[in-house]
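Let's take a walk through this structure, starting with a sheet and ending with some charged side chains. Have the viewer open as you read.

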Amino acid sequence: MIILKADGIKKYFSSPGSGFFSRSGAPVKAVDGVDISIEAGESLGLVGESGCGKSTLARVLLRLIKPTTGKVFLDGIDFFALKGRDLRKTRRRIQMIFQDPYSSLNPRMTVGNTIAEGIKVHKIVKRKDVRTRVHSLLDKVGLPPAAESRYPHEFSGGQRQRVGIARALAVEPDIIIADEPVAALDLSVQAKIINLLRDLKEDMGLTYLFVSHDLGVIKHVSDKVAVMYLGRIVELSDKESLFSDPLHPYTRGLLASIPSLERGGKKLKAAIRGEVPSPVNLPAGCSFCPRCPEATERCKLEFPPFVTINGGRKVRCWLYS
Amino acid sequence: MLLKVNNLETIFRMARGEVRAVDRISFNIKSGKTLGLVGESGCGKSVTALSIMRLVPDPPGKIAGGSIELEGNDILKLPEKEMRKIRGNEISIVFQEPLSSLNPVFSCGEQVREAIVLHQHLGRKDSKTEAIEMLRRVRIPDPETRYKNYPHQMSGGMRQRVMIAMALSCQPKLLIADEPTTALDVSVQAQIIELLQDLREELGMSILLITHDLAVIAQMADTVVVMYAGKIVEKAPAGKLFSDPSHPYTQGLLASMPGYSIPGKSLPVIPGSVPDPVKLPPGCRFSDRCGKRIEKCFNEEPPLFNLGDSHFSRCWLHNKEEN
């Protein structure tokens, strides 16, 4: 069953013009036509480099920002058409875990109050049971009950991320959107948080959208992977096939760029040349074509469609059309 | 041997007590080779780099002991004036975040030129030609135009190239690269790694590569040093360290890398967290988190055992006399 569906999402930001008083310039196309759907209980990994629009997309799905065009459906209900009580009720169902546990927690609120806030707003339990509920959440994320009266600065990065997770879980959501949840953490801490997120998913039957630039993390946590480049999804596939047989030249390049532990005296060759072009002046054809080793004349002129090939895998590249 | 670090000890006097950020570490770097220094935040790897540059903020920091020999001369004994000639000329450093290391109000080319003027005493015209040549060397496309660009007009990868151009402008013998690719995307990271490897060959320099990313180390380093809570816990040729890690901490780190373990299974983790640097455990510093500890680990600090083939590990498990 599809729990979250995004249809033709576009998000354009107006960019400043050349001078201070001049009119605004061409829009920045942060997200430019994305359709995704996530099955209940599934974990979808969204991978891409900085500036590809993955965080903007996550924010649209949470209804933190309004898309320029497109719709988001939660269990078939149009999220952006909701108002008042219905909206509050639905907002509860989808929660976010942020990248930076330092700036996403209020430094002047105790951890207990941070977690309790959502419980009270959404009236998850009776007022007298809030504290018990906070304790059980702390326990779930591996923090002692005494943590409730302490402030964020008293915790390490990994512990703060646990607080962020407890806060997201406090309102009993169905979907968790995690935006680079382990990017700011050390390797040994990173592994613990990844395990925690996995265990919670199984215990509570959660659905994840896992946003990351780290292919290793994505490989570990997701069932399906969507690769994003310059505001568009260029490849969507189940995890196994994506890592064993990447289709899009961009995905292949990304996988070849990961430094490997088995070097064997071989030098790492940069697989993708150049840098991500500015999202203001996108090329007319395929947006990856200026960097693509397999680009043809057609790629420069015509925009490739998102085609489905062998067994439901989807790719946006002329090589497969 | 280009650089010999011997029993280097750097301490910080804090309100809560004395922190021995770098605790008697020793390693050597051969000319033309890359040494990788790996460890988690707070293990002392960046302080090691600052100590070699003699840029440890004093107070609260202080190099308390040991020696750092650059081609046989102990640079810790040099007066500050002499040390200034070494910085940039003999040893250069590239930092993690190029945006905060570059001056926002000067063009990137001017900043490279400044480094050249300071160290090579060239005239205005010659130094500019040289600066453009350096930008070309670090593979910046269209260096004449890029010379006039300010840091904010460049991408992260380009800024890191400018930093490398500045660091290499005087052809140092040793380049210290402190997390040079951490702030960059994977595809750009691969480009910078490739660039550093090529430049090392072209210029015949040595690199001290500091990072928390084991895969970057595996890709670039000839020798690897693993640090934990200020101490070296393992030292080995790169191939050996990754195929046959000996210290339980190194083993734990390698096992916990997502993407290299079995997907879908839970990741093996190292329990607990790094000890408080003011209250270090009396025996082995890793003892309270180690799965293989024995009684002795809590009481006595293990020495760095020589396992042969230039492989060293600080763990009582290697104590042959008792086993």
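How many bridges join strand E1 of chain B to strand E4 of chain B? Keep in mind that this is a predicted model. The count is 8 bridges, between E1 (residues 3-14) and E4 (residues 61-70) of chain B, and the two strands run antiparallel. If you'd like one pairing to click on, take Ile11(B): its bridge partner in E4(B) is Lys62(B).

Now zoom out to the whole sheet. It is an open sheet of 4 strands in chain B, ordered E2-E1-E4-E5, with antiparallel pairing. At the edges stand strand E2 (17-29) and strand E5 (73-74) of chain B; each has a single partner strand, so one side of each has no neighbour in the sheet. Helix H1 (residues 45-53) of chain B packs on this sheet, where H1 touches E1, E2 and E4 of chain B. The direction of H1 makes about 110 degrees with that of E1(B).

On to the charged side chains. Over all chains, the count comes to 42 salt bridges. One of them sits in chain A, where Glu42(A) pairs with Lys224(A), the closest N and O atoms being 3.5 Å apart.

Back in chain B, Lys231(B) forms a salt bridge with Glu301(B), and here the closest N and O atoms are 3.9 Å apart. This pair also links distant parts of the chain: Lys231(B) is in strand E10 (residues 231-237) of chain B, and Glu301(B) is in the loop between helix H12 (295-299) and strand E11 (305-306) of chain B, 70 residues apart. Lys231(B) is buried, with a relative accessible area of 5%, but Glu301(B) is partly exposed at 32%. Both residues belong to a network of salt bridges that also includes Asp23(B), Arg24(B) and Arg285(B).

For one last stop, look at Lys240(B) and Asp244(B), whose side chains meet in a salt bridge of 3.9 Å, N to O. Lys240(B) is partly exposed, with a relative accessible area of 29%, and Asp244(B) is partly exposed too, at 39%.

Terms used. Residues numbered from 1 in each chain as written. Chains lettered and ligands numbered in written order. Predicted model: local features only at pLDDT ≥ 70, side-chain atom pairs only at ≥ 80, totals over all residues. Heavy atoms only, no water. Pairing = 2+ DSSP bridges. Contact = heavy atoms within 4.5 Å. Axes fitted to C-alpha atoms, helices over the stretch in contact; angles between N-to-C directions. Salt bridge = Lys/Arg side-chain N within 4 Å of Asp/Glu carboxyl O. Buried < 20%, exposed > 50% of the residue type's maximum accessible area, 1.4 Å probe, protein only.
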